[in-house]
Amino acid sequence: MHPENAKAPTDPLPPLELLRSFEAAARRLSFTLAAAELHLTQSAVSRQIQQLEAGLGVLLFERRHRALALTEAGGVMQRAVTDSLERLRDATARVRASSAPRQVAITTTPGFASLWLIPKLARFTVTHPQVDVRVSATLDVLDLESSRLDLAVRFAPIGRGVGPALFEESVIPLCSPQLAASLRAPSDFANLTLLTVEYPDHSEAPTADWEPWLKVMGLDDLRMKSTLRFTQYADAVAAAVAGQGVVIGRLPLLRELVRDGRLVAPLGEGAASHRGYFIETSRRAAGNRDALEFAQWLRDEAEAAQRT
């Protein structure tokens with residue numbers, strides 16, 4: 001049937017505002033309480049009920065002394081109106097939920113974000129094109145609840161991390177292939193530049209990240225020709241790729257650079273740093289299916305990288 005041939009209803013429905021006032025008054029059996037609930041005056045609710053009764057041609061309430069009671073017609077209308085309004089509320093909630101933006105908000109360190117997460121992120125967005133991912137890359141430890149974040153990937157000592165472990169870290173000196181040709185022994189570091197990260201409070205020595213590897217190598221002291229300090233680890237790594245010096249490589253963050261040959265490890269195997277990355281989940285993420293799937297995707301990516 002074409003829309004233009006459809007028959008128009010012969011009995012129009014009462015206005016929605018009249019039905020809302022009737023439902024509140026019928027539920028509370030009080031015009032005064034219904035008015036307070038709807039933020040109207042008592043006289044306004046009374047007029048709306050009278051208008052509804054006039055349109056229907058029947059009384060819906062028995063007006064008793066300081067009391068209301070539903071008539072038989074009022075009871076029929078109450079059941080129908082209550083059911084209809086409830087269906088409308090459910091449908092409205094579903095429509096709003098389906099049209100709400102789907103988002104995953106995550107916080108992590110700048111190094112993890114730029115060197116590990118962002119290069120892999122396209123694989124998640126391809127399979128979840130409707131999900132917006134918001135990455136807050138900072139060295140500050142943000143509170144997930146007050147910052148309205150779903151997930152955090154935290155860098156912490158093994159045994160002190162919160163949530164499932166993503167992977168443990170190992171460290172090893174890395175440099176460009178050109179510089180690696182001049183390195184035969186640890187003593188050759190004396191001819192090269194140390195690339196390091198400067199901590200905001202200056203509480204760590206320039207070679208603090210090197211200590212697990214130095215201990216394994218039995219080196220009490222490390223001397224280099226000069227030092228370049230950066231505020232971000234990713235910048236120190238970029239300088240190493242450019243051949244400007246030697247950086248302590250955090251694996252598996254730099255595994256892709258090593259696999260591609262842009263950085264090489266000239267002096268053997270790495271050493272465990274006894275630190276790792278952990279996935280912490282906020283309470284709000286429990287109701288966000290996309291956030292839970294993102295956390296699982298992080299674990300799957302970490303496992304895949306370890307297999308290769």
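Q: What makes the link between the side chains of Glu301 and Arg123 a polar contact?
A: The side chains of Glu301 and Arg123 are joined at 2.8 Å. A polar contact is a pair of N or O atoms within 3.5 Å; within protein, one must be able to donate a hydrogen and the other to accept it, and residues adjacent in sequence count only if both atoms are side-chain atoms. This is a predicted model, in which local features need pLDDT of at least 70 and side-chain atom pairs pLDDT 80 or more, while totals for chains, interfaces and linings use all residues. Residues are numbered from 1 along each chain as its sequence is written, and side-chain values use heavy atoms, with hydrogens and water left out.

Q: Why is Glu301 called buried?
A: Its relative accessibility is 12%, and buried means under 20% relative accessible area, exposed over 50%, partly exposed in between (1.4 Å probe, protein chains only). Glu301 therefore counts as buried.

Q: Which residues does Glu301 touch, not counting those up to four places away in sequence?
A: Glu301 touches Trp116, Lys120 and Arg123, where contact means heavy atoms within 4.5 Å.

Q: How is the packing of helix 5 and helix 10 described?
A: Helix 5 (residues 110–127) and helix 10 pack at an angle of about 115°, with axes 11 Å apart. Axes are lines fitted to C-alpha atoms, for helices over the stretch in contact, and angles run from 0 to 180 degrees between N-to-C directions. Helix 10 covers residues 289–307 and holds Glu301. Helices (H or I, at least four residues) and strands (E, at least two) are DSSP runs, numbered from the N terminus.

Q: Why are the buried residues of helix 2 said to line one face?
A: In helix 2 (residues 31–38), the buried residues are Phe31, Ala34, Ala35 and Leu38. Seen down the helix axis, they fall within an arc of 100°, so they line one face; the arc is that of the directions from the helix axis to the C-beta atoms. Thr32 and Ala36, on the other side of helix 2, are exposed. Among the elements covering the buried residues are helix 1 (16–28) and helix 3 (42–56).

Q: Why is Leu29 called partly exposed, and why is Arg66 called exposed?
A: Leu29 has a relative accessible area of 39%, so it is partly exposed. Arg66 has 81%, so it is exposed. Leu29 lies in the loop between helix 1 and helix 2, and Arg66 in the loop between strand 1 and strand 2.
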